[in-house]
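Biologist: I would like to go through this structure with you, one feature at a time. Please show it first.

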Amino acid sequence: MCTVCGCGNGPKLDGKTPGEGHSHTHDHAHGPDHHHYGTGAAGVSVPGLSQTRLIRIETDILARNDGFAASNRRVLAALGAFAVNLVSSPGSGKTTLLCRTIEGLARQPLAVIEGDQQTSADAERIRATGARAVQINTGKGCHLDAHMVGHAMDALHLAPRSLLFIENVGNLVCPAAFDLGEDARVAILSVTEGEDKPLKYPDIFTTARLAVLNKTDLAPHCDADLDAYEANLRRINPAIAVLRVSARTGAGMGAWLDWLRAGLTAKGRS
Amino acid sequence: MHEMSLADGIRRIVEAQAAAHGFTRVECLRLEIGRFAAVEKSALAFAFDVAMRGSPAEGARLEIIDLPGRALCHDCGETVEIGHRLAPCPRCGGGRLMPQGGDEMRIRDMEVI
């Protein structure tokens, strides 16, 4: 078990338990937003409450996750690396989009963190393109958290000015609440899923900077109304950018690659 | 299902507070949950009961305080309070609203012995 953070009984990294024989280089810095609870006015006693004390805490439930996310963000900033957290339902075409993206980016340094409950199938697909990838198996877990991602980043030894793709567990609900330290969250929505998905699962689309509307080559076969998809996305998140893409045919891929390159360039300037 | 992770986060905070303030039992724990927070309150209450077993908060009463949901209307430019995520702007009837807060999930206070 990792003695720094107590991890070891949960998710697996490429089939192994994190903390077994690893150096644990990821930053467990204890910033003001991390770990040390009770910094507010605590120990307040209230007259009339016999034997009981009222302790004011005002602490975010996700403070621990957010501390790890801040730590990941510091590591990425120091490298000038641009990280995207890819969220979607299962089967939206995330892995195929990533494989085509890696081919399209040619010599750009990049790495991939794959999140799934079980199997290393996705990491193997990514590695077949020649890219570096690490698989997180969450077991029963329904989302990635910043702590798992920190361990995966350690394992990847990111090059400066890399793109980091974090493919979250396919789930339109739970990943919305967990900051991983990414620069941008990208929601992938395929045209076979139904125009109403942004309305049914608003949280994930509210927190996304970009939506990739994927499998547009299938739109004529399933009566998909792409304008209705976009209208529903903007109803949930008026600021969201939308790109129409077919990873299979390559349509729209250029705009997606440009968006990634622009994000990386902007990160380098900041 | 991530409510189990949230409950685990609450347990860690309770245990850290117990060590810091020297209490052994939590009678009541109050949470503030925003109306737009990605949390199902009944699922969290269930997870809370399970996750607190063996901790100072085992058997504690859980109270959840709702915080209002606010959003910026991209049609009239005002920040308004709305009851649910798909509600129209109460001021202009517009439908393009961006949440501004309302996603809080925090422990407010605890009554302890």
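Biologist: In this predicted model, are helix α2 and helix α8 of chain A roughly parallel or roughly perpendicular to each other?
Modeller: Helix α2(A) covers residues 94–105 and helix α8(A) covers residues 253–269. Their axes are 11 Å apart and the packing angle is about 70°. Angles of 65 to 115 degrees fall in one class, so α2(A) and α8(A) are roughly perpendicular.

Biologist: How many residues of the contact of α2(A) with α8(A) are charged?
Modeller: From α2(A) the contact takes A:R100, A:T101, A:G104 and A:L105, and from α8(A) it takes A:M253, A:W256 and A:L257. Divided by class, 4 of these residues are nonpolar and 2 are polar. The number of charged residues is 1.

Biologist: What share of the residues of chain A counts as buried?
Modeller: Chain A has 8 helices and 9 strands. Among its contacts between residues at least 6 apart in sequence, 72% join residues at least 24 apart. Of the 270 residues of chain A, the share that counts as buried is 44%.

Biologist: Which element gives the largest share of the side of chain A that touches chain B?
Modeller: The contact between the chains takes 33 residues from chain A and 31 residues from chain B. On the side of chain A, the elements that give two or more residues are β2 (53–60), α6 (202–206) and α7 (226–236). With 8 residues, the largest share comes from β2(A).

Biologist: How many nonpolar residues does the side of chain A that touches chain B have?
Modeller: This side of chain A takes in 33 residues. By class, 8 of them are polar and 9 are charged. The nonpolar residues number 16.

Biologist: Is A:D14 buried or partly exposed?
Modeller: A:D14 lies in the loop between β1 (12–13) and β2 of chain A. Its phi is near 45°, a positive value in a residue other than glycine. A residue needs 20 or more C-beta neighbours within 10 Å to be buried, and 12 or fewer make it exposed. A:D14 has 15 inside 10 Å, so it counts as partly exposed.

Biologist: Where is A:R161, a residue with a positive phi although it is not a glycine?
Modeller: Phi of A:R161 is about 60°. With 16 other C-beta atoms within 10 Å, A:R161 is partly exposed. Its place is in the loop between α4 (146–156) and β6 (163–167) of chain A.

Biologist: Turning to chain B, are α1(B) and α2(B) oblique or roughly parallel to each other?
Modeller: Helix α1(B) covers residues 3–21 and helix α2(B) covers residues 41–51. Their axes come within 8 Å and cross at roughly 50°. Roughly parallel would need an angle under 35 degrees, and roughly perpendicular starts at 65. The pair α1(B) and α2(B) is therefore oblique.

Biologist: How many nonpolar residues are in the contact of α1(B) with α2(B)?
Modeller: The crossing of α1(B) past α2(B) is right-handed. Among the residues that make the contact are B:L6 and B:I10 of α1(B), and B:L44 and B:F48 of α2(B). By class, the contact has no polar and 3 charged residues, and its nonpolar residues number 9.

Notes. Residues are numbered from 1 along each chain as its sequence is written. Chains are lettered from A and ligands numbered from 1 in the order in which they are written. This is a predicted model: local features need pLDDT of at least 70, side-chain atom pairs count only at pLDDT 80 or more; totals for chains, interfaces and linings use all residues. Axes are lines fitted to C-alpha atoms, for helices over the stretch in contact, and angles run from 0 to 180 degrees between N-to-C directions. Helices (H or I, at least four residues) and strands (E, at least two) are DSSP runs, numbered from the N terminus. Angles under 35 degrees count as roughly parallel, over 145 as roughly antiparallel, 65 to 115 as roughly perpendicular and the rest as oblique. A crossing is left-handed if the near helix is turned anticlockwise from the far one by less than a right angle, and right-handed if clockwise. Two residues are in contact if their C-beta atoms, placed from the backbone, lie within 7 Å. Ala, Val, Leu, Ile, Met, Phe, Trp, Tyr, Cys and Pro count as nonpolar, Asp, Glu, Lys and Arg as charged, and the others, Gly among them, as polar.
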